[in-house]
Amino acid sequence: MSTEALVRAALAEVLDPEYPVSVLDLGLVRGVEIQGATVRVDLAYCSLGCPCIELIEDDIRERLLELDGVEQVEVREVFDRWTRRDISARGLKLLRASGVA
(Lines give C-alpha, C1' and ligand atoms only; values in the text may rest on other atoms or scores of the structure.)
Protein backbone atom coordinates (compact mmCIF):
# COMPACT_ATOMS: atom_id res chain seq x y z
CA MET A 1 0.00 0.00 0.00
CA SER A 2 1.26 3.45 -0.88
CA THR A 3 1.43 6.29 1.61
CA GLU A 4 1.29 10.01 0.96
CA ALA A 5 5.05 10.20 1.56
CA LEU A 6 5.68 7.55 -1.12
CA VAL A 7 3.33 9.29 -3.54
CA ARG A 8 5.04 12.64 -2.97
CA ALA A 9 8.46 11.02 -3.44
CA ALA A 10 7.27 9.61 -6.76
CA LEU A 11 5.87 13.01 -7.78
CA ALA A 12 9.31 14.48 -7.06
CA GLU A 13 10.52 12.36 -10.01
CA VAL A 14 7.96 13.75 -12.46
CA LEU A 15 9.61 16.61 -14.32
CA ASP A 16 7.91 19.53 -15.96
CA PRO A 17 8.32 19.05 -19.74
CA GLU A 18 9.71 22.58 -20.18
CA TYR A 19 12.09 22.79 -17.20
CA PRO A 20 14.32 20.28 -15.39
CA VAL A 21 12.27 20.67 -12.20
CA SER A 22 9.70 18.33 -10.70
CA VAL A 23 6.04 19.19 -10.47
CA LEU A 24 6.45 18.98 -6.70
CA ASP A 25 9.33 21.49 -6.60
CA LEU A 26 7.47 23.83 -8.95
CA GLY A 27 4.65 23.91 -6.42
CA LEU A 28 2.08 22.56 -8.84
CA VAL A 29 0.92 19.75 -6.51
CA ARG A 30 -1.82 21.15 -4.29
CA GLY A 31 -2.98 17.95 -2.67
CA VAL A 32 -2.67 14.18 -2.53
CA GLU A 33 -5.44 11.86 -1.43
CA ILE A 34 -5.25 8.09 -1.19
CA GLN A 35 -8.43 6.05 -1.00
CA GLY A 36 -7.81 2.34 -1.28
CA ALA A 37 -6.04 1.66 -4.57
CA THR A 38 -6.90 5.10 -5.98
CA VAL A 39 -4.60 8.11 -5.73
CA ARG A 40 -5.96 11.57 -6.43
CA VAL A 41 -3.57 14.41 -7.15
CA ASP A 42 -4.74 18.01 -7.22
CA LEU A 43 -2.67 20.20 -9.54
CA ALA A 44 -2.51 23.88 -10.29
CA TYR A 45 -0.74 25.06 -13.41
CA CYS A 46 1.49 28.07 -14.05
CA SER A 47 -1.01 29.34 -16.60
CA LEU A 48 -4.53 28.44 -17.68
CA GLY A 49 -3.40 27.83 -21.24
CA CYS A 50 -0.44 25.63 -20.33
CA PRO A 51 0.33 23.53 -23.42
CA CYS A 52 1.83 20.75 -21.30
CA ILE A 53 -1.20 19.83 -19.17
CA GLU A 54 -1.81 16.48 -20.86
CA LEU A 55 1.90 15.57 -20.82
CA ILE A 56 2.19 16.36 -17.12
CA GLU A 57 -0.96 14.45 -16.22
CA ASP A 58 0.11 11.42 -18.29
CA ASP A 59 3.57 11.44 -16.66
CA ILE A 60 2.00 11.60 -13.20
CA ARG A 61 -0.35 8.70 -13.94
CA GLU A 62 2.46 6.62 -15.42
CA ARG A 63 4.78 7.17 -12.45
CA LEU A 64 2.17 6.63 -9.74
CA LEU A 65 0.85 3.45 -11.32
CA GLU A 66 4.34 2.00 -10.75
CA LEU A 67 3.77 2.19 -6.97
CA ASP A 68 2.67 -0.94 -5.14
CA GLY A 69 -1.05 -1.01 -4.52
CA VAL A 70 -1.93 1.84 -6.87
CA GLU A 71 -4.46 0.76 -9.50
CA GLN A 72 -6.00 4.07 -10.47
CA VAL A 73 -4.74 7.66 -10.60
CA GLU A 74 -6.98 10.68 -10.90
CA VAL A 75 -5.41 14.03 -11.65
CA ARG A 76 -7.69 16.94 -10.86
CA GLU A 77 -6.97 20.44 -12.07
CA VAL A 78 -7.55 23.04 -9.40
CA PHE A 79 -7.69 26.72 -10.10
CA ASP A 80 -5.53 27.93 -7.23
CA ARG A 81 -3.41 30.89 -8.19
CA TRP A 82 0.16 29.81 -8.81
CA THR A 83 3.03 32.23 -8.18
CA ARG A 84 6.80 32.11 -8.00
CA ARG A 85 6.45 31.80 -4.22
CA ASP A 86 5.08 28.27 -4.73
CA ILE A 87 8.43 27.05 -6.04
CA SER A 88 10.54 25.24 -3.45
CA ALA A 89 14.08 26.37 -2.60
CA ARG A 90 15.38 23.31 -4.47
CA GLY A 91 13.22 24.20 -7.47
CA LEU A 92 14.55 27.76 -7.56
CA LYS A 93 18.11 26.45 -7.39
CA LEU A 94 17.47 24.10 -10.32
CA LEU A 95 15.81 26.85 -12.36
CA ARG A 96 18.71 29.22 -11.71
CA ALA A 97 21.19 26.52 -12.73
CA SER A 98 19.35 26.10 -16.02
CA GLY A 99 19.31 29.86 -16.59
CA VAL A 100 15.58 30.34 -16.11
CA ALA A 101 15.19 32.12 -12.75
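Guide: A residue is called exposed if its relative accessible area is over 50%, and buried if that area is under 20%. The model discussed here is a predicted one.

Visitor: Which residues are exposed on the face of α3 turned away from its buried side?

Guide: That face carries Ala89, Lys93 and Ala97, which are exposed. The buried residues of α3, which spans residues 89–97, are Gly91, Leu92 and Leu95.

Visitor: Why are the buried residues of α3 said to line one face of the helix?

Guide: Seen down the axis of α3, they fall within an arc of 100 degrees, so they line one face. In general, an α-helix has 3.6 residues a turn, so residues three or four places apart point the same way.

Visitor: What follows just after α3?

Guide: Gly99 is found there, with a positive phi of about 85 degrees.

Visitor: Why is Glu57 said to have no salt bridge?

Guide: A salt bridge requires a side-chain nitrogen of Lys or Arg within 4 Å of a carboxyl oxygen of Asp or Glu. For Glu57, the nearest side chain of opposite charge is Arg61, 4.0 Å away, and no salt bridge is found. Glu57 is buried and belongs to helix α2, residues 53–64. Not counting residues up to four places away in sequence, Glu57 touches Tyr45 and Val75.

Visitor: What makes β1 and β2 a pair of strands?

Guide: Pairing needs at least two bridges; 6 bridges join β1 to β2, and the strands run antiparallel. Therefore they count as paired. They form a hairpin with 2 residues between them, and Gly36 in the turn has a positive phi of about 65 degrees. Gln35 stands opposite Thr38 in β2.

Key:
Residues are numbered from 1 along each chain as its sequence is written. This is a predicted model: local features need pLDDT of at least 70, side-chain atom pairs count only at pLDDT 80 or more; totals for chains, interfaces and linings use all residues. Side-chain values use heavy atoms; hydrogens and water are left out. Buried means under 20% relative accessible area, exposed over 50%, partly exposed in between (1.4 Å probe, protein chains only). Helices (H or I, at least four residues) and strands (E, at least two) are DSSP runs, numbered from the N terminus. The arc is that of the directions from the helix axis to the C-beta atoms. Lys and Arg count as positive and Asp and Glu as negative; His and the chain ends are not counted. Contact means heavy atoms within 4.5 Å.
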